[in-house]
Structure formats: C-alpha cells, structure tokens
Amino acid sequence: MMEGHFITVRPGRFAFVRPEGDASNLFVTGSALDALPHVPRRGDPVRFRVAETRDGRRRAIDLVLTDQEPTP
C-alpha cells in the first residue's frame, strides 16, 4: 500500500490524493469516499492501493484513513 494525503475532497462526489514523494494526484471515486468511516478533510493522511483503468488512468482504491497528524 502507498501513503499520501487528501488534497481535494468533494464529499459524496470525488477526491484527489497525493502519494508521498510524488507530484501527481490520484482520483478517488465517490463510492470509495463513502466506504470510509467519516468524510476526510484536506490534508488527512491516507493509505491506499493504485489501480489502473482500461484507458490507462490511475486511481486510488482501498483507502484507509491513518492516525497521523494532518498536514496544515
């Protein structure tokens, strides 16, 4: 699993996470957000796996919120 932080969150719709040490952002679907125990906020730390869609786009899946302090 990779680690990163939420950089954009639109509850119930979508989010983006940024993996640690990477400049790219990964898309998170609304259904993946709904599976979390609470709505994440920008900066909240998260662990996830990366999946590639048929058209070559990468997405964050199997998200798990971690207990670290969020980045301001």
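Colleague: In which strand is the place of P45?
Modeller: In this predicted model, P45 lies in strand β4, which covers residues 45-52.

Colleague: Is P45 buried or exposed?
Modeller: P45 counts as buried because its relative accessibility is 3%, and the cut-off for buried is under 20%.

Colleague: What separates the C-alpha atoms of P45 and L65?
Modeller: These C-alpha atoms are 6.2 Å apart, although P45 and L65 are 20 residues apart along the chain.

Colleague: And which residue is the bridge partner of V46 in β5?
Modeller: V46 has L65 as its bridge partner in β5.

Colleague: How many bridges pair β4 and β5, and in which sense?
Modeller: Six bridges pair β4 with strand β5, residues 58-65, and the sense is antiparallel. The two strands form a hairpin, with five residues between them. In the turn, G56 has a positive phi of about 90 degrees.

Colleague: What about β1, how many bridges join it to β4?
Modeller: Strand β1, residues 2-10, is joined to β4 by four bridges, and the two run antiparallel. Within β4, F48 stands opposite M2.

Colleague: Moving past β5, where is T66 found, and is it buried or exposed?
Modeller: T66 belongs to the segment after β5. T66 has a relative accessibility of 17% and therefore counts as buried.

Colleague: Which residues does T66 touch, leaving out those up to four places away in sequence?
Modeller: With those left out, T66 touches P45, V46 and R47. P45 and V46 have already come up here: P45 as a buried residue, and V46 as the bridge partner of L65.

Colleague: What share of the 72 residues counts as buried?
Modeller: Of the 72 residues, 32% count as buried. The chain exposes about 4800 Å², and carbon and sulfur atoms supply 47% of that area.

Colleague: Among contacts between residues at least 6 apart in sequence, what share joins residues at least 24 apart?
Modeller: The share is 47% of those contacts.

Colleague: Lastly, how many positive and negative charges does the chain have?
Modeller: There are 11 positive and 10 negative charges, and their mean positions are 7 Å apart.

Note on methods. Residues are numbered from 1 along each chain as its sequence is written. This is a predicted model: local features need pLDDT of at least 70, side-chain atom pairs count only at pLDDT 80 or more; totals for chains, interfaces and linings use all residues. Side-chain values use heavy atoms; hydrogens and water are left out. Buried means under 20% relative accessible area, exposed over 50%, partly exposed in between (1.4 Å probe, protein chains only). Two strands pair if DSSP finds at least two bridges between them. Contact means heavy atoms within 4.5 Å. Accessible areas come from the Shrake-Rupley method with a 1.4 Å probe; for residues, only the protein chains shown count as cover. Lys and Arg count as positive and Asp and Glu as negative; His and the chain ends are not counted. The place of a charge is taken as NZ of Lys, CZ of Arg, CG of Asp or CD of Glu.
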